[in-house]
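Biologist: I am new to this model and would like to learn how to read it. Could you walk me through a few features, one at a time?

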Amino acid sequence: MGDHHHGPAKGLSRWLFTTNHKDIGTMYLWFAFAMFLLGGFFAMVIRAELFQPGMQLVEPAFFNQMTTMHGLVMVFGAIMPSFVGLANWLIPMMIGAPDMALPRMNNWSFWILPPAFLLLASTLFMEGGAPAFGWTFYAPLSTTYAPPSVTFFIFCIHILGLSSIMGSINIIATVMNMRAPGMTYMKMPLFVWTWLITAFLLVAVMPVLAGAVTMMLMDVHFGTSFFSAAGGGDPVLFQHVFWFFGHPEVYIIILPAFGVVSQIIPAFSRKPLFGYDSMVYATASIAFLSFIVWAHHMYTVGIPVAGELFFMYATMLIAVPTGVKVFNWVTTMWRGALSFETPMLFSIGFLVLFTLGGFTGLMLSIAPADFQYHDSYFVVAHFHYVMVAGAVFSMTAAVYFWLPKWCGRMYNESMGKTHFWISFIGFNLTFFPQHFVGLAGMPRRIPDYALQFADFNMMSSIGAFIYGASQLLFLYNVIATIVAGKPVSDEKVWDGAEGLEWTVPTPAPYHTFEVPPRIDPAHAHS
């Protein structure tokens with residue numbers, strides 16, 4: 001691989017053929033950021049249309065294409081690949097492995113993503129337009145009434161699933177087989193644990209999603225009736241299959257975020273994470289429970305009351321391990337020697353806002369109440385509090401936290417703090433009012449609304465543009481750091497608190513674990 005670093009022609013092949021986990025992690029992160037900006041653009045179209053009541057900018061059909069593409073690009077293009085990039089960068093270093101277990105497959109799992117999203121984006125220019133059936137693509141809207149581009153959409157989903165499964169197998173193989181001597185499971189950093197569990201979730205549910213889109217393909221092209229009542233099928237079957245994937249999916253999105261804040265909060269509290277073992281068990285519990293709650297997305301389809309009760313109680317049960325995690329994070333900060341650098345600000349923002357999203361999730365789990373909330377903006381507010389303030393805030397914290405480790409340069413701290421506060425205010429201005437309009441009856445995925453919702457929607461749209469603008473500041477800070485940031489040295493790792501004396505020893509935040517002592521191979525049976 002040495003010669004791949006010389007000359008302009010070799011420059012491209014370095015990235016095209018690389019098997020280096022750091023290069024691959026970097027590509028995932030940049031790709032995810034590009035998708036984040038694209039998905040953000042789609043969201044800006046949505047919020048511009050909803051700035052005032054009435055029809056302003058776009059046709060209703062195009063509005064629905066925007067809601068669909070925004071969801072698909074953000075979930076599969078921005079959030080998931082960003083955490084996979086984080087996993088590639090950090091897991092080998094955290095467990096003392098030289099690289100990932102399957103480096104060639106690692107390369108492929110990244111490089112099939114850009115063509116897949118190019119294909120998905122190209123549907124916007126096809127006859128009949130892009131998919132307009134929502135990111136949940138419910139049949140029969142996505143089969144009987146879908147535009148011709150649905151076939152390309154199905155192919156994209158297959159490729160994304162392939163990428164996720166390969167990435168997950170790689171993570172599982174790496175963590176199980178390549179830990180340094182002495183690095184037992186219960187000594188692994190929490191981020192490694194959350195990703196190991198996430199990888200098992202992905203391997204379990206991506207084939208279910210593949211099954212759903214394969215049945216769609218059959219219904220569209222080969223005369224089957226999996227989801228068509230006219231041919232003896234059932235549209236509700238689609239929802240069962242989709243949400244059996246879709247509910248674990250939302251935990252796939254948030255578990256790595258839990259891992260990130262479990263690394264950052266102890267670093268800026270200057271003390272170890274409180275309740276390490278219980279954090280591991282809580283993560284595993286959440287993963288297990290995620291498989292038995294899927295029909296809480298389906299209270300309104302007419303499932304039996306016994307079914308509603310089961311899914312209601314099972315869903316409420318997830319609040320317990322999640323609560324354990326929140327209390328552990330708070331207890332870690334309790335009486336710690338706190339400092340509030342950018343990664344810590346985003347982590348605390350995560351903690352407060354994710355918990356709020358958890359409470360609205362608990363409200364949604366209540367079956368009789370859900371009949372009121374279902375398909376309203378209350379649901380939109382809920383899941384953006386967990387996906388944006390949860391996954392995206394924690395991902396942002398991770399970039400600020402590990403960027404100096406990745407490129408050896410320090411970002412601009414005051415710009416980072418500015419980014420946090422603009423993001424925090426913009427986010428809450430966008431999504432907090434949506435709880436109110438949702439409870440008042442405003443339906444989601446509709447390009448127009450009744451006059452009484454005008455003020456809150458205007459606030460929401462202004463907040464969205466503020467939040468979107470703050471991401472450009474973030475982009476500038478990251479590029480400026482890589483190009484011209486102040487170098488950090490090994491001798492003096494920045495700890496954000498120079499010249500202060502602490503009553504507890506100060507760990508360097510950018511060293512995520514201490515290298516375990518080398519054990520003589522003859523005695524290594526751990």
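This is a predicted model: local features need pLDDT of at least 70, side-chain atom pairs count only at pLDDT 80 or more; totals for chains, interfaces and linings use all residues.

Biologist: How do the axes of helix α2 and helix α15 cross?

Modeller: Helices (H or I, at least four residues) are DSSP runs numbered from the N terminus. Axes are lines fitted to C-alpha atoms, for helices over the stretch in contact, with angles from 0 to 180 degrees between N-to-C directions. Here, α2 (residues 21–49) and α15 (residues 454–484) have axes that come within 10 Å and cross at roughly 160 degrees. That makes α2 roughly antiparallel to α15 (the word applies to angles over 145 degrees).

Biologist: Which hand does the crossing of α2 and α15 have?

Modeller: A crossing is left-handed if the near helix is turned anticlockwise from the far one by less than a right angle. The crossing of α2 and α15 is left-handed. Their contact has 15 nonpolar, four polar and one charged residues. In this sorting, Ala, Val, Leu, Ile, Met, Phe, Trp, Tyr, Cys and Pro count as nonpolar, Asp, Glu, Lys and Arg as charged, and the others, Gly among them, as polar.

Biologist: What do the axes of α13 and α14 do?

Modeller: The axes of α13 (residues 377–407) and α14 come within 8 Å and cross at roughly 165 degrees, which makes α13 roughly antiparallel to α14. This crossing is left-handed too. The residues of the contact divide into 16 nonpolar, ten polar and no charged.

Biologist: Which residues touch the most other members of the largest nonpolar core?

Modeller: A nonpolar core is a set of buried Ala, Val, Leu, Ile, Met, Phe, Trp, Tyr and Cys residues joined through side-chain atoms within 4.5 Å. Buried means under 20% relative accessible area, exposed over 50%, and partly exposed in between (1.4 Å probe, protein chains only). The largest core has 154 residues, and Phe76, Leu86, Phe153, Trp195, Trp329 and Phe350 touch the most other members. Helix α3 (residues 60–95) gives the largest share of this core, 20 residues. A second, separate core of five residues includes Leu364, Tyr373, Phe378 and Val379.

Biologist: What does Trp329 touch?

Modeller: Contact means heavy atoms within 4.5 Å. Not counting residues up to four places away in sequence, Trp329 touches Phe258, Val261, Ser262, Ile265, Leu273, Met279, Phe350 and Leu351.

Biologist: Where does Phe137 lie, and is Phe137 buried or exposed?

Modeller: Phe137 lies in the loop between α5 and α6 and is buried, with a relative accessible area of 0%. Its phi is near 35 degrees, a positive value in a residue other than glycine. Pro140 lies in the loop between α5 (113–122) and α6 (150–177), and the peptide bond from Ala139 to Pro140 is cis, with omega near 0 degrees.

Biologist: What is phi of Arg445?

Modeller: Phi of Arg445 is near 60 degrees, again positive in a residue other than glycine. Arg445 is partly exposed, with a relative accessible area of 27%, and lies in the loop between α14 (413–439) and α15.

Biologist: Which residues is Phe456 in contact with?

Modeller: Leaving aside neighbours within four places in sequence, Phe456 is in contact with Pro433, Phe436 and Val437. Phe456 lies in helix α15 and counts as partly exposed at 33% relative accessibility.

Key: Residues are numbered from 1 along each chain as its sequence is written. Side-chain values use heavy atoms; hydrogens and water are left out. Helices (H or I, at least four residues) and strands (E, at least two) are DSSP runs, numbered from the N terminus. Angles under 35 degrees count as roughly parallel, over 145 as roughly antiparallel, 65 to 115 as roughly perpendicular and the rest as oblique.
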